[in-house]
Each structure stands twice: as C-alpha cells, then as structure tokens.
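Dear colleague,

Please find the structure we discussed placed below. My notes on what was found in it follow directly after.

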Amino acid sequence: MKASRTANTPDHQPRPSAPEAKLWTPQYPELSTKPLSTEPYLSPQWFERDKELIFRKVWLHMGRAEELVNPGDFAVKELPLFNTSILLVRGKDHVIRGFHNVCRHRGNRVVELRQGNQPTCKFTCRFHGFTYDSEGKLVGLPEESKFLGLDKAEHGLTPIATDVWEGFVFINMDPEPKETLKEYMCGYVEQLKGLPFDQLPVCYSYETDINCNWRILRDSQLEMYHIKTLHKLSVPDYIENLRDPDSHTHHVELGKRHGMASWFLNPEIAMRPVEALALQADRTKIINGPLERASGSWSTETPLYQPPLVNPTRTKDWFLDYIFIFPNFHLLPFEGLYITHHMWPVAPGRSHWEARIYLPRAKNASQVFAREYSRIQAREVWLEDGSTLEHMQQALESGVLKEYLLQDQEILIRHANRVCEDYLRRVL
Ligand code: FES
Ligand SMILES: [Fe+2]
C-alpha cells in the first residue's frame with residue numbers, strides 16, 4: 001500500500017533525509033551540539049521538578065485496551081512516583097475510565113487484585129463494604145442511616161482523566177488537563193493512523209526496578225550507537241548501514257514534544273543457525289519480518305501498511321522506527337511486530353522499566369517456536385541494555401562525570417532533554 005508524507009503539522013518539521021543530509025543536529029539549531037549537563041540526571045531538586053511539572057501534567061500511557069475488553073473488566077496500575085494506585089475499568093457503556101483506587105470512606109484500596117472482571121460492574125471495598133459502580137459512583141454502604149448528612153452523590157471515587165488512542169490507554173494526573181490526548185499527541189494521531197495494533201494481540205512483558213535515574217533509563221533506548229558494541233553477542237549487525245558504517249539513522253523528525261527516528265536494516269545479517277530456523281518456522285511475513293527481509297525472501301507484493309510516520313522515507317533498508325512519545329512512552333513499529341517501553345521515575349536514583357513485545361497469535365507449533373525466538377531475543381537485548389544503567393548512576397553519584405558527550409545520532413537524547421527543559425521553564 002502506498003502512502004505519502006502528510007503536510008507539515010505544527011509539531012513536525014520534516015528535514016532533508018539521508019543520504020543528502022548526513023548530520024541531523026545542525027538541522028535543529030535549537031539543540032546545542034555541546035556536551036550535555038548531567039545535573040538533571042542526578043539532582044533531587046530536578047527530580048521533584050520532573051515529577052511535578054512534567055509527570056503530573058502530561059498524558060501518561062498506562063496499558064492496552066485489550067486488558068479491558070468486556071464491561072466489568074478492570075486493571076489496577078501502581079504509580080509509585082505519586083505513591084498511588086490507579087483503577088482502570090471498562091463500564092457497561094464500554095467506556096474505559098480511571099480512578100484513584102482509594103475508598104472514600106477511610107482510604108482502603110477498593111480493588112486489591114491486579115486484573116479481573118466484575119460481572120456486576122460493582123466494586124466493594126472489603127474494609128467496611130462501600131460499593132462503587134463502574135462510573136465511580138458510590139452506590140451502597142452498610143448502615144447508611146448512621147452516616148449523618150452523607151450525600152452519596154458527592155462521594156464517589158476520585159476520577160482521573162482517561163482517554164484511549166489506538167487501544168493505548170492514557171491517564172493524566174492533572175485534575176484539569178490543559179489539552180486533550182489528541183491535542184497532546186501533536187499530529188501523531190493522524191500520522192500513525194492505520195498501524196495494525198489490533199492484529200498483534202499477544203503481549204510478552206518484562207518489568208524491573210533499576211537503581212538509576214529515569215533519564216538514564218530513558219536514554220538507554222533512544223539511540224542505536226551502542227548496537228555494535230553492547231549488543232555484540234545478540235544483534236551486532238542488525239542496524240548496520242553497509243553504504244556508510246558510521247550512519248545507522250536514516251531519518252529523524254523532531255517536534256515540539258515528541259520525536260522519531262528511522263533505522264537501517266542490514267540486508268546481509270550474518271544469521272545464526274537458530275535464527276534461520278526461527279525464520280523457517282514462520283514465513284507468514286508477520287513474525288521475524290526483519291530476518292526474512294534480511295534473508296532476501298521478503299515479498300514486497302503485500303507489505304504491511306505503513307502510515308506517514310512509519311518509515312517516512314519509504315526506504316527498502318528500513319528496519320524499525322523509534323517513536324518517542326514524551327515523556328516516557330517509547331513505541332517501536334517493526335515489520336510485523338511492535339515493541340513498547342515505559343520508563344517510570346520512582347525516586348531520584350530509582351526507576352521502573354517495563355518492556356513489551358506485541359506479536360500476532362500463533363496458528364501452529366512452528367509459529368509458537370518463532371514467536372518464542374523473537375521473545376527471547378528481545379529479552380536478551382534488554383538484559384544487555386539494563387546491564388549498564390546502575391554503573392552510569394554510580395558514575396553520576398561519584399561526582400566524576402559532569403557532562404555527557406553526545407554524537408549526532410544520539411539526537412533523540414538531546415531532544416528529549418530539550419522538551420523536559422521546555423516543560424520546566426513552563427514554555428509547554
Ligand atoms: S475504607 Fe473502604 S469501606 Fe471503609
Ligand atoms: Fe540496546
């Protein structure tokens with residue numbers, strides 16, 4: 001299917017693509033080329049400002065609508081940054097709503113399970129039995145006549161602004177968000193429309209707590225400069241650009257808030273036997289797309305739909321896009337699968353990382369094997385990524401490192417910090 005670039009949106013200023021433009025940073029003069037101060041990565045004062053002026057104000061991705069398919073389905077999400085628990089519920093009207101999971105009587109958690117279904121769409125606190133419906137209304141309480149002057153209508157669950165984009169559930173901790181989710185997405189709603197998220201329902205998730213600042217964790221996935229070295233045992237040659245070994249990023253678009261980069265696929269990956277076996281096990285063009293493309297057997301007759309923001313230059317060497325939705329949601333469409341990362345601040349030197357890989361359902365044992373291969377391969381790569389983070393935190397705490405040196409293709413890191421600064425200066 002053919003797609004064309006959309007007109008510029010206020011958020012997106014497409015710049016010339018490689019090979020005409022080999023360097024990206026000079027094209028965004030608002031981003032300096034100087035070393036980056038490490039202070040925002042270390043100081044508790046900066047962390048507090050990140051928390052209050054960014055994370056308490058913006059739309060935050062919490063999960064997928066597939067976790068809440070039927071009326072009465074619920075999911076409880078912990079948000080240690082705000083020391084709170086959040087209840088997401090799909091109501092009888094099929095709308096997904098979010099609430100603080102806090103009973104209005106004396107503050108017990110209303111729902112203690114992590115996920116489930118309440119066929120009645122009613123939720124009862126197990127402490128004294130206050131009951132709420134899926135719209136958060138207080139609908140019943142034992143010994144009601146003894147609560148003198150209580151108006152049930154005024155004491156429902158505390159709502160949280162909640163909205164859904166392409167099945168991604170977002171919340172906003174601001175009681176009065178200054179933008180809708182669509183406005184916050186700055187044109188990405190249109191530019192990513194049509195990505196077949198619903199065809200990739202199988203989700204494998206890995207979560208961990210790491211002793212590092214959230215900005216360190218965030219940056220670990222914002223560049224591919226490290227692939228050849230840190231990932232030399234897992235995917236060393238995947239991103240290799242054979243025409244120019246010093247360039248693995250073939251397109252960059254940075255907006256006022258979000259940003260994206262496209263990365264090359266090496267058409268001559270040195271495939272290991274097990275990779276070849278996984279490829280052989282599933283030739284549906286859904287799984288192992290990159291491997292199949294690399295093996296030269298990829299058919300271009302029915303390529304997966306690519307909306308304007310995915311592989312914007314329509315290059316044949318395309319491997320994946322890195323779509324960074326500020327401040328902590330990373331969305332990576334590949335051919336036939338997608339990956340997400342959530343990078344949550346917890347404390348100045350502590351973060352929570354959840355990485356997910358979404359795949360199509362397997363139809364036979366061969367496909368199960370191929371999916372398992374993809375899952376394990378992703379896990380290995382993430383373990384390698386995670387291995388550096390606590391050392392980086394230690395380096396900051398030791399006081400040795402005052403600046404980061406960034407090369408041109410680490411531009412998403414500069415951009416993410418720049419957007420943080422804009423929030424902290426209240427420009428955004
Ligand atoms: S705290 Fe929930 S009913 Fe008392
Ligand atoms: Fe990595």
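Through how many residues does a hairpin join β13 to β14? The hairpin that links β13 to β14 runs through four residues. Helices (H or I, at least four residues) and strands (E, at least two) are DSSP runs, numbered from the N terminus.

Please note that this is a predicted model, in which local features need pLDDT of at least 70 and side-chain atom pairs count only at pLDDT 80 or more, while totals for chains, interfaces and linings use all residues. Residues are numbered from 1 along each chain as its sequence is written, chains are lettered from A and ligands numbered from 1 in the order in which they are written, and side-chain values use heavy atoms, with hydrogens and water left out.

Overall composition

The protein has 11 helices and 19 strands. Of its 428 residues, 56% count as buried (under 20% relative accessible area; exposed is over 50% and partly exposed in between, with a 1.4 Å probe and protein chains only). Among contacts (heavy atoms within 4.5 Å) between residues at least 6 apart in sequence, 67% join residues at least 24 apart.

Strands and sheet

Strands β13 (residues 249-254) and β14 (residues 259-264) pair in the antiparallel sense over five bridges; two strands pair if DSSP finds at least two bridges between them. Within this pair, V252 stands opposite A261. Six of the six residues of β13 are buried, so this strand is largely enclosed by the rest of the structure.

An open sheet is formed by seven strands in the order β2-β11-β10-β5-β4-β3-β6, with antiparallel pairing. Its edges are β2 and β6 (115-117), each with a single partner strand, so one side of each has no neighbour in the sheet. Inside the sheet, β4 (residues 84-90) and β5 (residues 96-100) pair in the antiparallel sense over five bridges, and I86 stands opposite H100 of β5.

K77 lies in strand β3 (residues 73-79) and counts as buried, at 14% relative accessibility. Its side chain makes a polar contact with the side chain of E67 (2.7 Å); such a contact is a pair of N or O atoms within 3.5 Å, where within protein one must be able to donate a hydrogen and the other to accept it, and residues adjacent in sequence count only if both atoms are side-chain atoms. Leaving aside neighbours within four places in sequence, the residues in contact with K77 include M62, I86 and R356. K77 and M62 are 15 residues apart in sequence and 7.4 Å apart in space, C-alpha to C-alpha.

Helices

In α2 (residues 44-55), the buried residues are W46, F47, D50, K51, L53, I54 and F55. They pack against α1 (39-42), β2 (59-64), α5 (214-219), β17 (338-347) and α11 (411-424). At the start of α2, a side-chain oxygen of S43 comes to within 3.2 Å of the backbone nitrogen of Q45.

With kind regards
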